[in-house]
Amino acid sequence: MKFKKLVCLVLITIMGCMMLNGCGNKNAASKDKYGIITSSDVQAEQIKKKMKVEDKKEVADMTFYLGTMKDQNVVLVKNEIGKVNTATATQILLDKFGATKIIEANSFVSLKDDYKEGSILVATETIQSDFDATGAGYAPAEIPATGLGAFATDVELHKTALDVAKKTASADNVFEVSVCSGDKYELTNDEIDKIVKDHDGDVYDMDSAALGQVCYLNGIPYIIVGSVSTPDAPADATAEIVEKIVGTD
């Protein structure tokens, strides 16, 4: 009888450890949780279709979808455009939902003739092209206390994203780009010329550089993928690329 009780206690202990550590849960096997963010309604819907959504939470007037994708834990949020909105959503992904890697899926305006409508883009860095503290002694776009004017995307995530993009879309239509961001929806030709002259930017949006700064300050790896298009353009290969990035982990 004592032996049977001992066996029962051992089994209960093992089962408890499995529940606490996720040993019996395939979805909890990975330590990483991907935070996926986009300001595009179209991209958000396409990405959500590739998820197994298990729950959703409302935080700061945004809906966060919790679930899995390719057996990895993911949280998806559709944020409104603008750097403050993007920074808020990104920090919530980190603080409230425990994201350990960030993927942004976005649409961009081309600043150069090299990139046409439908070009698939993988970011190398992000720059707040409208940030100007030169009067306080900083370089153009340099963010105080960081010593940086550009925030590089994660090397490993970039390598994975570029490889996946070239296998998913036509390889000669996939480009590595420097993303400039500012809080202005439409740019004049003069403003475009200035961004290219001052920062050698390739494409422009209203989001990515804020996300890059938040990830840098929190020590979180991030990558940005997307295309040259309008926010409400028909879905392209971006959602599929996001899914494959998550699936390679």
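The structure is a predicted model, in which local features need pLDDT of at least 70 and side-chain atom pairs count only at pLDDT 80 or more, whereas totals for chains, interfaces and linings use all residues. Residues are numbered from 1 along each chain as its sequence is written, and side-chain values use heavy atoms, with hydrogens and water left out.

The protein chain has seven helices and 10 strands; these are DSSP runs numbered from the N terminus, with helices (H or I) of at least four residues and strands (E) of at least two. Of the 249 residues in the protein chain, 47% are buried. Here, buried denotes a relative accessible area under 20%, exposed one over 50%, and partly exposed a value in between, with a 1.4 Å probe and protein chains only. Among contacts in the protein chain with a separation of 6 or more, 75% join residues 24 or more positions apart, a contact being heavy atoms within 4.5 Å.

Helix α6 spans residues 208-218. Eight of its 11 residues are buried, so α6 is largely enclosed by the rest of the structure. The buried residues of α6 are S208, A209, A210, L211, G212, Q213, V214 and C215. Just after α6, G219 adopts a positive phi of about 70°. When residues up to four places away in sequence are not counted, L211 touches I37, T86, T90, I102, E104 and Y222. The C-alpha atoms of L211 and T88 are 8.9 Å apart in space, although the two residues are 123 residues apart in sequence.

Two packed helices are described by the angle between their axes and the distance between the axes. The axes of α3 (residues 83-95) and α6 come within 8 Å and cross at roughly 35°; axes are lines fitted to C-alpha atoms, for helices over the stretch in contact, and angles run from 0 to 180 degrees between N-to-C directions. The crossing of α3 and α6 is right-handed, a term used where the near helix is turned clockwise from the far one by less than a right angle, anticlockwise being left-handed. On the α3 side, the contact is made by K83, T86, A87, T90, Q91 and L94, and on the α6 side by A210, L211, V214, C215 and N218. By class, the contact of α3 with α6 has six nonpolar, four polar and one charged residues. Ala, Val, Leu, Ile, Met, Phe, Trp, Tyr, Cys and Pro count as nonpolar, Asp, Glu, Lys and Arg as charged, and the others, Gly among them, as polar.

Helices α2 (residues 41-49) and α7 (residues 238-247) pack at an angle of about 45°, with their axes 9 Å apart. That angle makes α2 oblique to α7; angles under 35 degrees count as roughly parallel, over 145 as roughly antiparallel, 65 to 115 as roughly perpendicular and the rest as oblique. The crossing of α2 and α7 is right-handed. Q43, Q46 and I47 in α2 meet T238, A239 and V242 in α7, and the residues of this contact divide into three nonpolar, three polar and no charged. Also in α2 lies K49, which is exposed, with a relative accessible area of 63%. K49 and A239 are 190 residues apart in sequence, and their C-alpha atoms are 9.2 Å apart in space.

A salt bridge is defined as a side-chain nitrogen of Lys or Arg within 4 Å of a carboxyl oxygen of Asp or Glu. By this rule the count comes to 13 salt bridges. In one of them, D200 pairs with K112, the closest N and O atoms being 2.8 Å apart. D200 lies in the loop between α5 (189-199) and β9 (203-205) and K112 in the loop between β5 (101-110) and β6 (120-128), so the pair ties together parts that are 88 residues apart in sequence. D200 is partly exposed, at 48% relative accessibility.

A salt bridge also joins K184 to E191, with the closest N and O atoms 2.6 Å apart. K184 is partly exposed at 37% relative accessibility, and E191 is likewise partly exposed at 27%. K194 and D198 form a further salt bridge, the closest N and O atoms being 2.7 Å apart. Both residues lie in helix α5, four residues apart, about one turn of the helix. K194 counts as exposed at 53% relative accessibility, whereas D198 is partly exposed at 39%. Finally, D41, K78 and E80 are linked in a network of salt bridges.
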